[in-house]
Amino acid sequence: MFTTVWKFVVRDEAIAEFERHYGAEGTWALLFRKAHGYLGTELYRGVANAGEYVTVDRWIDEAAYRAFREEYAAEYDSIDRECEELTESEEKIA
């Protein structure tokens, strides 16, 4: 199994919209489901800071993830630009 993990600091006023896009049934997961090898997404909210989130996206292997990124690059970039304003920062941690 291959995972990607991202950490986000979400703007206070954008928390509900962020959760709508990044949750297990959100915009990102709907895009990922188009690809072979996607296994699921988990969204975790910080306890000490309600604006901190971590997403974990699971794939059968790294090759499936890379194939997805190549095939759906335009859609990925479009959603990424749309969601950019929701966060103060984002960092890929794995």
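Tutor: Let us begin with salt bridges; a search of the whole structure finds six of them. Please keep in mind that this is a predicted model.

Student: Which residue forms a salt bridge with Glu 19, and how far apart are the closest N and O atoms?

Tutor: The partner of Glu 19 is Arg 45, and the closest N and O atoms are 3.5 Å apart. This pair links distant parts of the chain, with Glu 19 in helix H1 (residues 15–22) and Arg 45 in strand E2 (residues 38–45), 26 residues apart.

Student: What is the distance between the closest N and O atoms in the salt bridge of Glu 75 with Lys 34?

Tutor: For Glu 75 and Lys 34 that distance is 2.7 Å. As for accessibility, Glu 75 is partly exposed at 33%, and Lys 34 is partly exposed at 48%.

Student: Where do Glu 62 and Arg 66 lie, and how many residues apart are they?

Tutor: Both are in helix H3, four residues apart, which is about one turn of the helix. Glu 62 is partly exposed, with a relative accessible area of 35%, while Arg 66 is exposed, at 53%.

Student: Let us turn to aromatic rings. How is a pair of aromatic rings described?

Tutor: The description uses the distance of the centres and the angle of the planes. In this structure the count comes to 18 aromatic pairs. One of them is formed by Tyr 65 and Phe 68, with 6.5 Å from centre to centre and 40° between the planes, and this pair is tilted. The word tilted applies because planes under 30 degrees apart count as stacked, over 60 as edge-to-face and the rest as tilted.

Student: How many residues apart are Tyr 65 and Phe 68 in helix H3?

Tutor: They are three residues apart in helix H3 (residues 62–71), so about one helical turn separates them. Tyr 65 is buried, with a relative accessible area of 7%, and Phe 68 is buried at 1%.

Student: Which residues form the nonpolar patch on the surface?

Tutor: Met 1, Leu 39 and Ile 60 form that patch, and together they have about 310 Å² of accessible area. Leu 39 is placed in strand E2 and counts as partly exposed, at 41% relative accessibility. Met 1 is found in the segment before strand E1 (2–10), and at 69% relative accessibility Met 1 counts as exposed.

Student: How should I compare separation in sequence with separation in space?

Tutor: One reads the two values side by side. Met 1 and Asp 61 are 60 residues apart in sequence, yet their C-alpha atoms are 4.9 Å apart in space. For Ala 29 and Asp 12, the values are 17 residues in sequence and 23 Å in space, C-alpha to C-alpha. For Phe 32 and Lys 7, 25 residues apart along the chain, the C-alpha atoms are separated by 18 Å.

Student: In which helix are Ala 29 and Phe 32 found?

Tutor: Ala 29 is placed in helix H2, and Phe 32 is found in helix H2 too. Ala 29 counts as buried, at 0% relative accessibility, and Phe 32 counts as buried at 5%.

Notes:
Residues numbered from 1 in each chain as written. Predicted model: local features only at pLDDT ≥ 70, side-chain atom pairs only at ≥ 80, totals over all residues. Heavy atoms only, no water. Phe/Tyr/Trp six-rings, centres within 6.5 Å; stacked < 30°, edge-to-face > 60°. Helix = DSSP H or I, 4+ residues; strand = E, 2+ residues; numbered from the N terminus. Buried < 20%, exposed > 50% of the residue type's maximum accessible area, 1.4 Å probe, protein only. Salt bridge = Lys/Arg side-chain N within 4 Å of Asp/Glu carboxyl O. Patch = residues over 30% accessible without salt bridge, like charges linked within 9 Å, V, L, I, M, F, W, Y side chains within 5 Å. Areas by Shrake-Rupley, 256 points an atom, 1.4 Å probe, with all protein chains shown as cover.
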